[in-house]
Amino acid sequence: PEAIKCKIQKSYSAIDQRVKVSGWIHRLRSSKSLVFIVLRDGTGYLQAVLTGDLARAHQTTALTLESTVTLYGKVCKLPEGKNAPGGVELLVDYYEVVSLAPSGEDAFTNKIAEGADPSLLLDQRHLALRGETLSGVMKVRAALLRAVRRFYYEEGLTEVNTPCMVQTQVEGGSTLFSLGYYGEEAYLTQSSQLYLETCLASLGDVYTIQESFRAEKSHTRRHLSEYTHIEAELCFLTFEDLLVHIEKLITKAVQYVLEDPVAGPLVEQLNPGFKAPTMPFMRLDYRDAIKWLNEHNIRNEEGEDFKFGDDIAEAAERKMTDTIGVPIFLIRFPVAIKSFYMKRCVDDDAVTESVDVLMPNVGEITGGSMRIDTTDELMAGFAREGIATDPYYWFIDQRKYGSCPHGGYGIGTERILAWLCDRFTVRDCSLYPRFSGRCKP
Ligand code: 4AD
Ligand code: MG
């Protein structure tokens, strides 16, 4: 009979039909009379079996891992107790080799040997991506971005695309990547926030999902030089409104991912027993966090008790978050350790209306705040940070031509994924991770 051409995902429901599927040989096992193939095509995995003459033919053509083939055959439902992806097996009656991958020294398995040095594996990232774990994380990543966009659509935010080549800093001069720009100095953007703020007056609430760049000199499990930044900016809202929006985004996005027929089971596989977060998130004041850290004998960078104004660095933040074990809104950071644009609290002007979202096993996945909305205060903020204001004329204008209360936040896609998929490092959540010493492939 004529074969139905389909992707693997579709073949699962083509029981007793003859199909034609193309893909890569993901696994291969053969005996004298049988050849087992697990075929991969990006939509799923398909167990296929070659018998009789076909199996014997295989002994002469010698298929190899990662070769591309087109298989023809009948899809058979597997009996209870027998396990294969989709619960089916393809009984192959004919196959074509599209491209034969090398055997011997150049064989795929020698390129990305199990347990190889991580930096060698990163050199071979283009091949390592074919593995089940990495490709699984990338599938979840796609579902997460889809879920985030769905949430924004439901909430009425407009997506915009902001420039990556800029002449202003957002999060401190020390992590700026500079580049020559037709004889002028420019930078790769650290955050799209300032541009998002300028969109409020024309488009209302906005968001962007775009690469941000940070020249992070230290090697940590959660810092990349380039990461995908989910950022939103909202107007006419209070700090509490902002917090509710963020917790709603995170809980809804996770819910949508878990409901997804492909990504849901992948999360379960990568992060068994993952508990979806529920609203409201715990709120922890910076002042109380410092008390908590001191009570738990966790020290600051100088090895002393935390005092007001100390940065809560990665190690301390992780210890606290992992001990508490639930998502935390760490709020109201001191003015001195936060960026120039953050609004002060009305009841305590030593601190700002700011928030970091902390997740177990990762720590900070989100940073946000209400923004200063008057020119005078903003100018004072620039002065405090020693930032020359000329390049910011357009940002300052926002406070002049119809200012409004507004706030927003940025989420590191690789960080929220590291939490959701229980990955040790954000590097495992990026297609081609960039960090100091690595800019290839
Ligand atoms: O806390 P950050 O620096 O805040 C901002 O950039 C704000 N301007 C965002 C805004 O309000 N629109 O960065 C936001 C998030 C962090 O919480 C973290 O998840 C992620 O971006 N992030 C990084 N992820 C990977 N590698 C890095 N080097 C990162 N730096 C920040
Ligand atoms: Mg931050």
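Biologist: Which residues of α14 are buried?

Modeller: This is a predicted model. In it, T413, E414, R415, I416, L417, A418, W419 and L420 of α14 are buried.

Biologist: What makes a residue buried here?

Modeller: The count of neighbours does. A residue is buried if 20 or more other C-beta atoms lie within 10 Å of its own. In α14, 8 of 8 residues count as buried, so the helix is mostly covered. Just after α14, D422 has a positive phi of about 55°.

Biologist: Why is I209 called partly exposed?

Modeller: I209 has 18 other C-beta atoms within 10 Å. Buried needs 20 or more, and exposed needs 12 or fewer. The value of 18 lies in between, so I209 is partly exposed.

Biologist: Where is I209 found, and what does it touch?

Modeller: I209 is in strand β11, residues 206-213. Leaving out residues up to four places away in sequence, I209 touches L145, T228 and I230. From G44, I209 is 165 residues away in sequence. In space the two are 27 Å apart, C-alpha to C-alpha.

Biologist: Which residues make the contact of α6 with α9?

Modeller: From α6 come G136, V137, K139, V140 and A143. From α9 come A263, L266, V267, Q269 and L270. By class, these divide into 7 nonpolar, 2 polar and 1 charged. As for handedness, α6 passes α9 in a left-handed crossing.

Biologist: At what angle do α7 and α13 cross?

Modeller: Helix α7 (residues 193-203) and helix α13 (residues 393-400) cross at roughly 35°. Their axes come within 10 Å. This crossing is left-handed. L194, E197 and T198 of α7 meet W394, F395 and Q398 of α13. The contact residues divide into 3 nonpolar, 2 polar and 1 charged.

Biologist: Which residues of α11 are buried, and what do they pack against?

Modeller: In helix α11 (residues 314-324), A316, E317, R318, M320 and T321 are buried. The buried residues of α11 pack against α10 (286-295), β14 (328-331), β17 (354-359) and β18. Just after α11, G325 takes a positive phi of about 75°.

Biologist: Which residues come nearest to ligand 1?

Modeller: There are 24 residues around ligand 1, and S191, Q193, G367, G410 and G412 come nearest. Elements giving two or more residues to this shell are β12 (226-235), β18 (363-370), β19 (406-412) and α14 (413-420).

Biologist: How does the shell around ligand 1 divide by class?

Modeller: The shell has 7 nonpolar, 10 polar and 7 charged residues.

Biologist: What of the protein as a whole: how many helices and strands are there?

Modeller: The protein has 14 helices and 19 strands. Of its 441 residues, 35% count as buried. The C-alpha atoms fill a box of roughly 85 × 55 × 40 Å along the principal axes. Among contacts between residues at least 6 apart in sequence, 64% join residues at least 24 apart.

Key. Residues are numbered from 1 along each chain as its sequence is written. Chains are lettered from A and ligands numbered from 1 in the order in which they are written. This is a predicted model: local features need pLDDT of at least 70, side-chain atom pairs count only at pLDDT 80 or more; totals for chains, interfaces and linings use all residues. A crossing is left-handed if the near helix is turned anticlockwise from the far one by less than a right angle, and right-handed if clockwise. Helices (H or I, at least four residues) and strands (E, at least two) are DSSP runs, numbered from the N terminus. Two residues are in contact if their C-beta atoms, placed from the backbone, lie within 7 Å. Ala, Val, Leu, Ile, Met, Phe, Trp, Tyr, Cys and Pro count as nonpolar, Asp, Glu, Lys and Arg as charged, and the others, Gly among them, as polar. A residue is near a molecule or strand if its C-beta atom, placed from the backbone, lies within 6 Å of it. Axes are lines fitted to C-alpha atoms, for helices over the stretch in contact, and angles run from 0 to 180 degrees between N-to-C directions.
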